[in-house]
Amino acid sequence: MNRTTLSLFAATAGLAVITGIAALNPPSDGGRTVTKSVGRLPVQRSTLLCPAPTSSDVGQTTYTAFTPPGKGTAGSPAELLPAAGPARTDAGKSDGKDSKDSKDAKAKEPKGSKETKESKESKEAAKDDPGKPVLSLKEAGKPVSTTTERSDAPALLGTADGALAPGWTAQQTTVVAAGSGRGLHGTACTPPDTSFWFPGVSTAKGRQDYVHLTNPDASAAVVDLELFGPEGRTGAASGEGVTVPPHATVPVLLSTLTDTPTDQLTLHVAARSGRVGAAVQVADDKLGGDWLPPSADAAPAAVLPGVPADATSVRLVAFAPGNDDADLSVRLAGPSGSISPAGHEALHVKAGMTTAVELGDVTRGEAGSLVLTGARGSAPIVAALRVTRGKDDKQETAFIPATPPVEVRGTVADNRPGAATLALTAPGRDAQVKVTSSAGSEGGTAVSKTYTVKAGTTLAVEPPRPTGGKGVYAVTVEKVSGGPVHASRMLALPKDGVPMFTVQPVRDDRSTVAVPETGQDLSVLTG
């Protein structure tokens, strides 16, 4: 996806820094300005959007924000502010009623606590002020964190400027203790864009999938929601022309866009005008729930990193958005090398249609990553995995999308001692990366460690723990040498026998931007 993080003002200022005033004012003596080379400057502004976390009465959400240390001194803080928009009142419930587990959880509350909690939430909701930050980061290198139990917590939007902009990262992590969608719901807050692909959504009975659309700008955005199933395009016209008001969020239940329940679908979010943040939250009556991150841009090959060693079921969903079919080889990159899953060595994806494959317990006790490689001339695809851990009524799911490589640096926030696992995959050549765990949100000192990832393998490690660290911490992955590296982070917080977990891709943070360096060609004067 494209990330628009450099303002026009910052780009102009950057050009002035590199090229001097001559770059901004054409020579008056007839000289010709030409591009000589390309330099890079830190971005001067980053924008992030976080969806409304949950409507569950038994949910608790932690927000964490972090910027890696860099040059310069922070000026104004990087703030996440409440967005306007309607509350989603029926997410996480299969029929508009509480499940038995949810009722049981509420029954355990002290007498009168429900009324007190609702009264407190009502007062807090009334205090939601677009100008009052929910989370404010004032210093690079040290994460900040806050927690809420509100079932009506708003979507958030915000910007970071100056020294806090390069690599600014935020994460929201919600524990839903009971009911449909029970589990650990984690998502990185994302920059706005104009196009998102979500393979693996569903409108089947027992599933409630919501897409959250958040508009960071001062003018309305207009968005089309397109669903593609095993037979091609599906859904009603109600998904076209969805208006997202300025600085607001709109949640859409995907099952309202089609009359035919379908288990395997691909959702395309396309902005006709403006730009939005898009996130899909999945709630399943039997398999728990999580956020489904968008897939990497369509490409003839894809890497889906970080399938847990104890995965009991893995489902691959792929979609070819162009006019041509895609033929893919399927390999699992494990700790010692790559293999082809028996019976699933190849995959054919028809143009405009969603294809799903059940891979079972493909990892067989060893963490791995799925690598899809297109045949020569194969069409581009988008893809995602649904990963299940646990058995019987103690199952939980998470999603792993096709993830682009970390070109320079990527960061994931909200790591906790003993709960985080970092998966590093080198599909082509050996690679070396430096992993840095920041100071904790409540103290400590950052720690770094360098890892070598062998070609065709996945290295799963617990990130180094900060020295004397207290609270949550951020993990930064930096490319040192070698071939492409793809990364993800699993956060596991088991509860009451349920292996609650969530997986976030570690994407390049695009902390610098290419700026053309120009100079004056004097040949027209001398020649």
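Trainee: What share of the contacts with a separation of 6 or more in the chain comes from residues 24 or more positions apart?

Mentor: In this predicted model, residues 24 or more positions apart account for 83% of those contacts. A contact here means heavy atoms within 4.5 Å.

Trainee: What does the secondary structure of the chain come to?

Mentor: The chain has 4 helices and 36 strands. Of its 527 residues, 51% count as buried. The accessible surface is about 22200 Å², and 52% of that belongs to carbon and sulfur atoms.

Trainee: How many aromatic pairs are there, and what makes Phe 196 and Phe 198 a stacked one?

Mentor: The count is 4 aromatic pairs. The ring centres of Phe 196 and Phe 198 are 6.4 Å apart, with 15° between the planes. Rings pair if their centres lie within 6.5 Å, and planes under 30 degrees apart count as stacked. Therefore the two rings form a pair, and the pair is stacked.

Trainee: Why are Phe 196 and Phe 198 called buried?

Mentor: Buried means under 20% relative accessible area. Phe 196 has 1% relative accessibility, so Phe 196 counts as buried. Phe 198 has a relative accessible area of 0%, so Phe 198 is buried as well.

Trainee: Why is the pair of Trp 197 and Phe 228 called tilted?

Mentor: The centres of these two rings are 6.2 Å apart, and the angle between the planes is 40°. Stacked needs under 30 degrees and edge-to-face over 60, with the rest counted as tilted.

Trainee: How do you know whether Trp 197 and Phe 228 are buried or exposed?

Mentor: Trp 197 has a relative accessible area of 15%, which is under 20%, so Trp 197 is buried. Phe 228 has 12% relative accessibility, so Phe 228 also counts as buried. Ring pairs link Trp 197 and Phe 228 with Phe 319 into a cluster.

Trainee: What sits over the ring of Phe 228?

Mentor: The charged end of Arg 233 does, 5.9 Å from the ring centre. The distance limit is within 6 Å, and the position must also be within 35 degrees of the ring normal. Arg 389 lies over the face of Phe 501, at 4.9 Å from the ring centre.

Trainee: What makes S15 and S18 edge strands?

Mentor: These two belong to an open sheet of 4 strands in the order S15-S11-S17-S18, with antiparallel pairing. Strand S15 (249–253) and strand S18 (288–292) each pair on one side only. Neighbouring strands of this sheet are turned by 20° against each other on average, direction ignored.

Trainee: How do you know that S11 and S17 pair?

Mentor: Pairing needs at least two bridges. Strand S11 (residues 207–214) and strand S17 (residues 277–284) are joined by 8 bridges, so they pair, and they run antiparallel. His 212 has Ala 279 in S17 as its bridge partner.

Trainee: What is the order of strands in the sheet that contains S2?

Mentor: The order is S2-S7-S4-S5, an open sheet of 4 strands with antiparallel pairing. Its edge strands are S2 (45–50) and S5 (135–137). S2 pairs with strand S7 (residues 156–161) over 6 bridges, and Leu 49 stands opposite Leu 157 in S7.

Technical notes. Residues numbered from 1 in each chain as written. Predicted model: local features only at pLDDT ≥ 70, side-chain atom pairs only at ≥ 80, totals over all residues. Heavy atoms only, no water. Phe/Tyr/Trp six-rings, centres within 6.5 Å; stacked < 30°, edge-to-face > 60°. Buried < 20%, exposed > 50% of the residue type's maximum accessible area, 1.4 Å probe, protein only. Axes fitted to C-alpha atoms, helices over the stretch in contact; angles between N-to-C directions. Areas by Shrake-Rupley, 256 points an atom, 1.4 Å probe, with all protein chains shown as cover.
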